[in-house]
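Please read the structure below together with the explanation that follows.

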Amino acid sequence: MAKQFANDEIRRIYRQCDENGTIPEGVIDTAWKMGLTSSSIPEAYGGPGGERSAITGSLIAEELAWGDLSITMHALCPALFAYPILEMGTDTQRKKYLPFFCGEKYKAATAALIEPRFGFDPCSLLATARLEGKEYVLNGEKCYVPLAAEADLFLVYAAENGSSQGFIIEEGTKGLQVGEREKNMGIKALATYEITLKNCRIAKEDRLGGEKGCDFSRIMNSSRVALSAMAVGVAKAAMEYSRDYARERVAFGEPVASRQAIAFMLAEMAIEIDATRLMTWEAAWKLDRKDEATKEAALAKAYADDMVLMVTDRAVQILGGHGYVREHPVELWLRNGRGFTTFDGMATV
Amino acid sequence: MIDFEPTQEQKEAIDIAHEFAKELFRPISRHYDEHEHESPQELIDKTWGERNKGTLALGLDVTASLRIEELCWGDAGLFLCVPGPGLGGAAIFASGTKEQLQRFLGSFNEGEPKWGAMAMTEPSCGSDTSAITATATRDGAEWVLNGEKIFVTWGKRAAENPGGLVVVWATVDKSAGRAGMKSFVVPAGTPGMRVEKLEKKLGIRASDTATLIFDNCRIPFENILGSPEIKKVDKSETKGFKGAMATFDATRPIVAAMAIGVGRAALDFVKETLEKEGIKIRYGVPRQKLIALERDMMEMEANYKAAKLLTLRALWMMSQFQPNNLEASMAKAKAGLAVTKITQKAVEIMGPLGYSRKYLLEKWMRDAKINDIFEGTGQINMLIVARRALDFSRDQLK
């Protein structure tokens with residue numbers, strides 16, 4: 001289903017989306033109706049109550065990202081808010097917010113983790129949350145917040161006494177300011193924004209997980225698994241395209257793929273894509289078992305970061321000058337591929 | 001669905017093999033590295049006994065590969081002394097008839113320790129296995145073998161110890177090219193087969209790598225594996241050669257399993273040392289905050305994991321009778337190169353301790369390298385992966 005959608009719908013428009021910086025509502029609505037976000041929301045909160053699995057999520061993320069990374073991140077963006085609530089929210093938070101994601105139309109909700117500075121580390125955030133009586137006061141700057149301009153709900157991560165916690169902020173809350181749309185090297189179709197929190201006050205109960213707080217390392221691990229799966233999808237797209245090109249393109253009287261210099265690049269690309277997929281599945285499997293998955297997820301993600309850059313760069317190289325022009329999509333995949341080291345927290349399974 | 005949990009049976013197999021690796025292999029590891037061509041008799045007798053009890057069964061499945069990883073964590077050279085039908089057995093398994101399987105391997109496990117070997121490489125042909133020049137000529141109810149085979153792993157033990165066997169690749173008709181390539185089972189002690197010399201090697205020194213001479217060596221007609229017919233129908237119809245290649249689909253993941261055993265030995269050694277020094281590898285910390293040592297360790301670990309998962313996939317597919325030619329080559333190419341790099345990096349990290357013969361790490365680096373060479377070099381396996389990925393024939397991608 002995800003594969004067909006990626007092939008029939010996403011691939012039809014993705015190039016245009018990247019050029020224009022917009023994604024047609026239609027394709028996002030189609031994705032929404034496939035239940036990408038809502039399928040695992042329990043019936044009690046208005047969802048179909050399907051089983052939640054990081055492995056299934058990884059399979060879907062890979063297929064969609066093979067279609068296009070921007071569209072995938074846009075379509076799955078509401079999950080950045082919904083899944084942590086589903087997994088770690090208090091009962092009140094679940095009742096209040098989960099039905100929001102079970103309607104007919106796409107609902108934008110997002111999460112804000114990354115900060116615009118050198119040495120950003122999700123585990124030592126500069127944005128702060130301070131408890132003042134019955135309220136949290138949030139201050140700080142965030143960037144790469146997908147769909148911030150249209151989102152009704154934000155999950156903002158900030159340091160509370162040094163530990164990263166999530167805070168639910170509704171659109172329109174005083175002190176939450178959405179800045180200009182960002183201009184990035186890749187994922188150009190995905191609208192991302194800087195946001196500023198200036199003495200933004202929310203109720204004490206609006207901390208993700210309430211009194212208990214959240215399991216932040218699990219949120220990060222889910223992000224790593226999702227991004228690794230997407231990296232595999234992007235790499236697969238680049239590998240297939242450059243492979244097909246190398247089979248057709250004739251130089252010195254034979255297809256360039258008949259030369260080992262090209263063929264060996266493709267072989268290594270194929271091996272590393274498969275290896276990364278297996279590592280991603282292993283980490284996802286650990287997540288599904290609720291095991292400690294930090295090591296597996298971190299290794300898979302680091303491996304995927306290197307792999308997707310290597311593969312997309314080689315895809316451009318194999319096409320030579322043609323790889324550098326925007327007539328072919330490999331340059332887009334290289335721009336998107338480079339971003340995975342930055343995208344922490346921008347996807348989840 | 002997808003499951004990465006070893007079964008209870010596999011966990012037990014790993015534990016038992018690990019115990020042997022630790023108690024039986026490691027203590028004598030250095031000795032047999034420095035006394036090349038000496039035979040580790042105690043290890044041979046003991047592993048032979050365990051093998052026949054089933055505790056160290058080394059077939060071509062996931063459980064066996066997990067065992068092999070453990071034993072090679074102990075010592076890869078000594079692992080190659082463990083008796084069994086080995087690559088000869090794998091070849092018979094891949095292209096023999098049921099009757100041949102029974103005749104050659106049916107009672108292999110009985111009596112004294114025995115070895116099986118496969119003789120393919122010749123002085124003038126290595127990776128290009130289709131260029132072999134050894135000949136098999138039909139003479140009534142017999143085949144007459146002539147030629148020289150080098151780099152035969154288990155060569156001496158298989159050729160000289162009663163009950164052993166050597167599977168020899170030879171051509172029955174040079175003009176037929178690949179179609180003329182056939183394999184023949186030569187029982188140990190057959191007149192006309194002799195061990196010419198043992199190689200002195202960079203690593204896996206406990207393993208006997210032999211040159212075998214076949215000088216009018218006569219074997220029964222029924223010892224040919226697969227069909228004696230030469231099919232010249234089509235260039236792609238190269239059955240004998242395909243038999244050799246089918247063997248590789250089975251043996252390459254096994255070699256990959258050996259490789260990852262050596263790689264893990266090096267990794268474990270470095271990890272233990274870091275632990276003693278109080279250095280912790282911080283997983284999940286952004287890259288720009290990591291120290292070089294942490295980056296190196298993570299890269300080594302990830303590569304070990306990548307190689308292992310590719311290996312298990314190739315073996316699992318084989319156990320499900322799925323074609324695994326691509327996956328077997330992927331696993332072998334990745335594992336051979338990965339452990340070569342892992343062990344070399346480990347020596348660098350450990351500095352004077354890494355280079356010293358006081359520790360086994362330098363030996364593991366020497367041992368690891370063979371995995372990027374035998375059963376198809378890394379480059380040959382890349383070529384196979386590339387052909388598969390491109391759907392190119394041998395002629396389209398040379």
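A residue counts as buried if 20 or more other C-beta atoms lie within 10 Å of its own, with C-beta atoms placed from the backbone. The model shown here is predicted. By that criterion, 51% of the 398 residues of chain B are buried.

Chain B has a secondary structure of 13 helices and eight strands. Its radius of gyration is 21 Å, close to the 21 Å that the globule rule gives for 398 residues, so chain B is as compact as a globular protein of that length. Along the principal axes, the C-alpha atoms of chain B fill a box of roughly 75 × 50 × 40 Å. Among the contacts in chain B with a separation of 6 or more, 77% come from residues 24 or more positions apart.

Next comes the contact between the chains. Chain A contributes 30 residues to it and chain B contributes 29 residues. On the side of chain B that touches chain A, helices H9 (292-319), H10 (325-350) and H13 (378-390) of chain B each supply at least two residues. H9(B) gives the most to that side, with eight residues. The residues on this side of chain B divide into 20 nonpolar, three polar and six charged.

The strands are in chain A. Strand S2 (residues 128-132) of chain A runs antiparallel to strand S3 (residues 135-146) of chain A, and five bridges join them. In this pairing, A:Ala129 stands opposite A:Leu138 of S3(A). The two strands form a hairpin with two residues between them, and A:Gly133 in the turn has a positive phi of about 60°. S3(A) also pairs with strand S7 (residues 192-203) of chain A, in the antiparallel sense and over nine bridges. There, A:Gly140 stands opposite A:Leu197 in S7(A).

Terms used
Residues are numbered from 1 along each chain as its sequence is written. Chains are lettered from A and ligands numbered from 1 in the order in which they are written. This is a predicted model: local features need pLDDT of at least 70, side-chain atom pairs count only at pLDDT 80 or more; totals for chains, interfaces and linings use all residues. Two strands pair if DSSP finds at least two bridges between them. Helices (H or I, at least four residues) and strands (E, at least two) are DSSP runs, numbered from the N terminus. Two residues are in contact if their C-beta atoms, placed from the backbone, lie within 7 Å. Ala, Val, Leu, Ile, Met, Phe, Trp, Tyr, Cys and Pro count as nonpolar, Asp, Glu, Lys and Arg as charged, and the others, Gly among them, as polar. The radius of gyration is taken over C-alpha atoms; the globule rule is 2.2 Å times the number of residues to the power 0.38. A residue is buried if 20 or more other C-beta atoms lie within 10 Å of its own, exposed if 12 or fewer, and partly exposed in between; C-beta atoms are placed from the backbone.
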